[in-house]
Amino acid sequence: MHNTADLQEIVDEIAGLLGASATLEDRSFRLLAYGAQHGDIDTVRQESILRRRASQEVRDYFERYGIARADGPVRIPADDRLKVLARICWPLRHGDVTYGYLWLLDSGSLADTRLYRVAPLVTRAAAALAHEARSRQDLGRRLDALLSPDPQERAAASPEMSGPVAAVAVRESEERAA
């Protein structure tokens with residue numbers, strides 16, 4: 001689960017510094033945080049906030065601009081058919097991996113020099129998403145080890161885990177539990 005308080009703080013700060021509507025989504029286009037709206041809002045932004053994710057048609061439109069591989073902000077033009085206002089997508093990359101996207105509605109006032117003032121906040125959001133992804137992977141490995149049929153692997157597994165954890169053991173036979 002994402003630390004939404006930290007991400008919300010980052011989005012609010014970015015929106016305030018730029019005076020622009022901002023949202024932050026994971027790489028599956030699932031909404032994680034959004035700032036107060038400034039100026040016009042489009043149907044895509046409304047749907048993203050109300051439904052917590054973008055439609056596949058809208059995702060396909062945005063992905064055509066190479067956002068998954070971009071190293072910096074990508075300007076995406078308006079599309080009347082999809083009811084999309086112009087926006088900037090700043091991929092949240094850590095290392096060579098895209099962990100999410102910062103979206104900024106842009107009426108044309110977000111010049112690059114102004115936009116790059118929030119680069120440290122974008123880096124912080126990307127690092128937070130990357131850290132969480134690594135934590136989930138580590139937890140998964142520890143759970144696999146704790147549930148391993150190999151007694152030595154179970155014994156070596158660290159039982160210290162943060163957050164709520166549930167485990168289910170299913171007995172396949174008298175000799176084996178999965």
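Author: What follows is a close look at the sheet, and at the side chains that gather around its strands.

Before we start, please note that this is a predicted model, in which local features need pLDDT of at least 70 and side-chain atom pairs count only at pLDDT 80 or more, while totals for chains, interfaces and linings use all residues. Residues are numbered from 1 along each chain as its sequence is written, and side-chain values use heavy atoms, with hydrogens and water left out.

The protein chain has six helices and five strands, where helices (H or I, at least four residues) and strands (E, at least two) are DSSP runs numbered from the N terminus. Read from the N terminus on, these elements follow the order α-β-β-α-α-β-β-β-α-α-α.

The five strands form an open sheet in the order S2-S1-S5-S4-S3, with antiparallel pairing; two strands are said to pair if DSSP finds at least two bridges between them. Strand S2 (31-34) and strand S3 (74-76) stand at the edges with a single partner strand each, so one side of each has no neighbour in the sheet. On average, neighbouring strands are turned by 25 degrees against each other, direction ignored, an angle taken between axes that are lines fitted to C-alpha atoms (for helices, over the stretch in contact), on a scale from 0 to 180 degrees between N-to-C directions.

Let us now follow strand S4 (residues 87-94). Three bridges join S3 to S4, and the two run antiparallel; here Val74 stands opposite Cys89 in S4. Eight bridges join S4 to S5, again antiparallel, with Pro91 opposite Tyr101 in S5 and His94 opposite Val97 in S5. The hairpin of S4 and S5 has two residues between the strands, and in this hairpin Gly95 takes a positive phi near 70 degrees.

S4 is also mostly covered, as six of its eight residues are buried. Buried means under 20% relative accessible area, exposed means over 50%, and partly exposed lies in between, with a 1.4 Å probe and protein chains only. In the protein chain, buried residues make up 38% of the 178 residues.

Where do the covered side chains of the sheet go? In soluble globular proteins, nonpolar side chains tend to be buried together. The term nonpolar core stands for a set of buried Ala, Val, Leu, Ile, Met, Phe, Trp, Tyr and Cys residues joined through side-chain atoms within 4.5 Å. The largest such core here has 27 residues, and those with the most contacts inside it are Ile14, Leu18, Leu24, Leu92, Leu102 and Leu104. The elements giving two or more residues to this core are H1, strand S1 (22-26), S2, S4, S5 and H5, and the largest share, seven residues, comes from H5. Leu102 shows how such a residue is surrounded: not counting residues up to four places away in sequence, Leu102 touches Ile14, Ala22, Thr23, Ile88, Cys89, Trp90, Leu92 and Val122, where contact means heavy atoms within 4.5 Å.

The whole structure holds seven aromatic pairs, that is, rings of Phe, Tyr and Trp (its six-membered ring) with centres within 6.5 Å, counted as stacked when the planes are under 30 degrees apart, as edge-to-face when over 60, and as tilted otherwise. Phe62 and Trp103 have ring centres 4.4 Å apart and planes at 35 degrees, so their pair is tilted. Because Phe62 lies in helix H3 (residues 56-63) and Trp103 in strand S5 (residues 97-105), this pair ties together parts that are 41 residues apart in sequence. Phe62 is buried at 3% relative accessibility, and Trp103 is buried with a relative accessible area of 3%. In the pair of Trp90 and Tyr116, the ring centres are 5.3 Å apart and the planes stand at 65 degrees, so the pair is edge-to-face. Trp90 belongs to strand S4, whereas Tyr116 sits in the loop between helix H4 (112-115) and helix H5 (119-146), 26 residues apart. Trp90 is buried, with a relative accessible area of 6%, but Tyr116 is partly exposed, at 44%. Finally, ring pairs link Phe29, Tyr61, Phe62, Tyr65, Tyr101 and Trp103 into a cluster.
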